[in-house]
Amino acid sequence: MNKSDAERVASLLQSIGYKATKTIDQADLIILVTCSVRQSAEDRVYGLMRQIKKLKAHNPQLKIVLTGCMALRKESIKRLKDIDVFLNIKDLPGLPKLLNKKSEQDKIETYFSIKPQYESSFTAYVPIMTGCNNYCSYCVVPYVRGREESRSPQEIISEVKGLIKNGYKEIFLLGQNVNSYSPKLKIQSSESIKDFPDLLEQIAKLTGKFWIRFLTSHPKDLSDKLIKVITKYDKITEYINLPIQSGDDQILKKMNRGYTVAHYKNLIKKIRQQIPNAAISTDIIVGFPGETKEQFKNTCKLFEEIKFDMAYINQYSPRQETVAARLKDNVSKAEKKRRDKVLTVILSKTALANNQKLVGETLEVLVDAKKSEYWLGKTRTFKVVKFKSNKDLLGKFVKIKIARAESFGLWGNLV
Ligand code: SAH
Ligand code: SF4
């Protein structure tokens, strides 16, 4: 989401005459696109501000703008005394005025109508909605990003069409909960896009060779219709990020997640029956207030059972605005770290076993980086593949025969 915000910030600045510098110390203007989901993300900004303060001492003209979630938290605003402008990202079209610059973009009315300056020439992030209505008890997002708002399907499809025309190969549709996408319909017809599966289907029908990915799916809203659409279109990749957060029903209730472990397992069963080669990743919070060792063990059991391909494991971090912040953060830092490690060990084992099944197979890979003598790419299932080649393959689809598996990567040879 922040990458996507930054791409719109970059294009707006370019339109009023700014150019990107190679290093931060050459800049006349620094824009920080921030995240508040955990304290550690905010701490990185506080750390960076110490460096920026020194730059400001040498260059009094230097302007600092802070946007993203921290711009909307009273606590951060109070602490960040050296910021010149706090900008709600929704008010991005007004930035030129705040910088005393005249802009062509004065005519631009909304954030979404700013055309992004995509960082990559083959991967693009396309937000389909903003905000969130779920109020999970630990989460700051609804407080800083506001209520859920769905972007119009016409606007999304026209952005995607433009991307495809320009040769983009991988399109990420973004939302905190893509499965609750519900655009306001001007005219109701049988052709109308009413929900997320409809939107996916319309995008998948566009001509061209590209992959569609999407983030994030909330287990309470992932529908049978979505699973069907994934199976129906080759362009929709079979990678599903389905955050469970905890493998214990009582903790899930305290988190206000709105589903049970049984519901989640049933979903996974349906996905695996209908999309046999799907890769599934999850998000987890360890050390939620009051999480006992027994309750944590239920998360371990779930990990053993589901055999995730990937998991983003987070140590609980209290966020002032939230309901959970009123509960005692009584799991020690050391214990959170231990639980994080225990889950990582199980994950490494299950991910390795899943990857080993791919040895000998030939997979389609989108090449997205080069590190020393190896090309890196991703499979449809979002697994990292490394291989050697003398050709320039960046941004291209290739076929790779998998030779060796690791927990979080595959090695292979170009076919
Ligand atoms: N909308 C997505 C996730 C958004 S935040 C969803 O519902 O799954 C990304 C991840 O950050 C969450 O999945 C959660 O695991 C983690 N997270 C959010 N708030 C947190 C907190 N207070 N402490 C630790 N991790 C947190
Ligand atoms: Fe936060 Fe829950 Fe919304 Fe995800 S669904 S952004 S975790 S409140």
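How many bridges join strand S12 to strand S15, and in which sense do they run? Let's start there, everyone. Five bridges join the two, and the strands run antiparallel. Strand S12 covers residues 362-371, and strand S15 covers residues 397-406. If you want a spot to look at, find Val365, which stands opposite Val398 in S15.

Before we go on, please keep in mind that this is a predicted model.

Now stay with S15 and look at its other partner named here, strand S16, residues 409-414. Six bridges join S15 to S16, again antiparallel. One pair to pick out is Lys401, whose bridge partner in S16 is Asn413. S15 and S16 form a hairpin, with two residues between them. As a quick reminder, strands of a sheet pair through backbone hydrogen bonds, either parallel or antiparallel.

Three strands, in the order S1-S2-S3, form an open sheet with parallel pairing. Which strands are at the edges? They are S1, residues 29-34, and S3, residues 85-87, and each pairs on one side only. On average, neighbouring strands here are turned by 20° against each other, with direction ignored. S1 pairs with strand S2, residues 63-68, over six bridges in the parallel sense. Within that pairing, Thr34 has Gly68 in S2 as its bridge partner. Helix H2, residues 39-58, packs on this sheet and touches S1 and S2. The direction of H2 makes about 175° with that of S1.

Further along, please find another open sheet of three strands, in the order S4-S7-S8, also with parallel pairing. Its edge strands are S4 (123-127) and S8 (211-215), each pairing on one side only. The twist averages 25° from one strand to the next. S4 and strand S7, residues 170-174, run parallel and are joined by five bridges. Tyr125 stands opposite Phe172 in S7. Here too a helix packs on the sheet: H6, residues 153-165, touches S4 and S7, and its direction makes about 175° with that of S4.

Let's go inside now. In soluble globular proteins, nonpolar side chains tend to be buried together. In this model, the largest nonpolar core has 69 residues, and Leu173, Phe196 and Ile203 touch the most other members. Take Phe196: leaving aside neighbours within four places in sequence, its contacts are Ile128, Leu173, Val178, Asn179, Tyr181, Phe214 and Leu226. There is also a second, separate core of 16 residues, with Leu29, Leu87, Ile89 and Tyr111 among them.

Tyr264 belongs to helix H10, residues 261-274. Beyond four places in sequence, Tyr264 has contacts that include Pro219, Leu242, Ile280 and Phe308. Ile306 is another of these contacts. Tyr264 and Ile306 are 42 residues apart along the chain, and their C-alpha atoms are separated by 10.0 Å.

Conventions:
Residues are numbered from 1 along each chain as its sequence is written. Chains are lettered from A and ligands numbered from 1 in the order in which they are written. This is a predicted model: local features need pLDDT of at least 70, side-chain atom pairs count only at pLDDT 80 or more; totals for chains, interfaces and linings use all residues. Side-chain values use heavy atoms; hydrogens and water are left out. A nonpolar core is a set of buried Ala, Val, Leu, Ile, Met, Phe, Trp, Tyr and Cys residues joined through side-chain atoms within 4.5 Å. Buried means under 20% relative accessible area, exposed over 50%, partly exposed in between (1.4 Å probe, protein chains only). Contact means heavy atoms within 4.5 Å. Two strands pair if DSSP finds at least two bridges between them. Helices (H or I, at least four residues) and strands (E, at least two) are DSSP runs, numbered from the N terminus. Axes are lines fitted to C-alpha atoms, for helices over the stretch in contact, and angles run from 0 to 180 degrees between N-to-C directions.
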